[in-house]
Amino acid sequence: LEGHTDFIRCIIVHPTKPQFCTTGDDATIKIWDWESNFSCVRTLEEHVHFVMMLAFNPRDLTTFASASLDKTIKIWSLTSSGSANYTLSGH
């Protein structure tokens, strides 16, 4: 798959949907769909530094968190238009 312009740091696979998310040193998060020939269905671009980790919310599998070296944790929705739902600063 081609999509990130720098090193990939993390990949998480959705437990029930045919999707997975990747992130890396290009400060983006990409959501991929393997039922659509592994196409990138969304790119999220609110971080300003490397994105190191992703994790799905175990109580709500439509949301996930990202942690970045920009000292923020962002909460995202798989169905959102591309903006983070929340930003937690100072981490």
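Contact here means heavy atoms within 4.5 Å. This is a predicted model, where local features need pLDDT of at least 70, side-chain atom pairs count only at pLDDT 80 or more, and totals for chains, interfaces and linings use all residues. Residues are numbered from 1 along each chain as its sequence is written, and side-chain values use heavy atoms, with hydrogens and water left out.

Staying with glycine 24, this residue sits in strand 2, residues 19-24. Helices (H or I, at least four residues) and strands (E, at least two) are DSSP runs, numbered from the N terminus. Is glycine 24 buried or exposed? Glycine 24 is buried, with a relative accessible area of 0%. Buried means under 20% relative accessible area, exposed over 50%, and partly exposed in between, using a 1.4 Å probe and protein chains only. From glycine 24 to isoleucine 73 there are 49 residues in sequence, and 14 Å in space, C-alpha to C-alpha.

Now the whole protein. It has eight strands and zero helices, giving the pattern β-β-β-β-β-β-β-β along the sequence. The radius of gyration is 12 Å, close to the 12 Å that the globule rule gives for 91 residues, so the protein is as compact as a globular protein of that length. That radius is taken over C-alpha atoms, and the rule is 2.2 Å times the number of residues to the power 0.38. The C-alpha trace spans about 40 × 30 × 20 Å along its principal axes.

Of the 91 residues, 42% are buried. Among contacts between residues at least 6 apart in sequence, 27% join residues at least 24 apart.

Next, the core. A nonpolar core is a set of buried Ala, Val, Leu, Ile, Met, Phe, Trp, Tyr and Cys residues joined through side-chain atoms within 4.5 Å. Which members of the largest one touch the most other members? They are Cys21, Ile29, Leu54 and Phe64, out of 13 residues. Strand 1 (8-13), strand 3 (29-33) and strand 5 (51-57) are the elements that give two or more residues to this core. Strand 5 supplies the largest share, three residues.

Last, cysteine 21. Not counting residues up to four places away in sequence, cysteine 21 touches Cys10, Ile11, Ile12, Lys30, Ile31, Leu54, Phe56 and Leu78. Among these, Leu54 was also named for the core.
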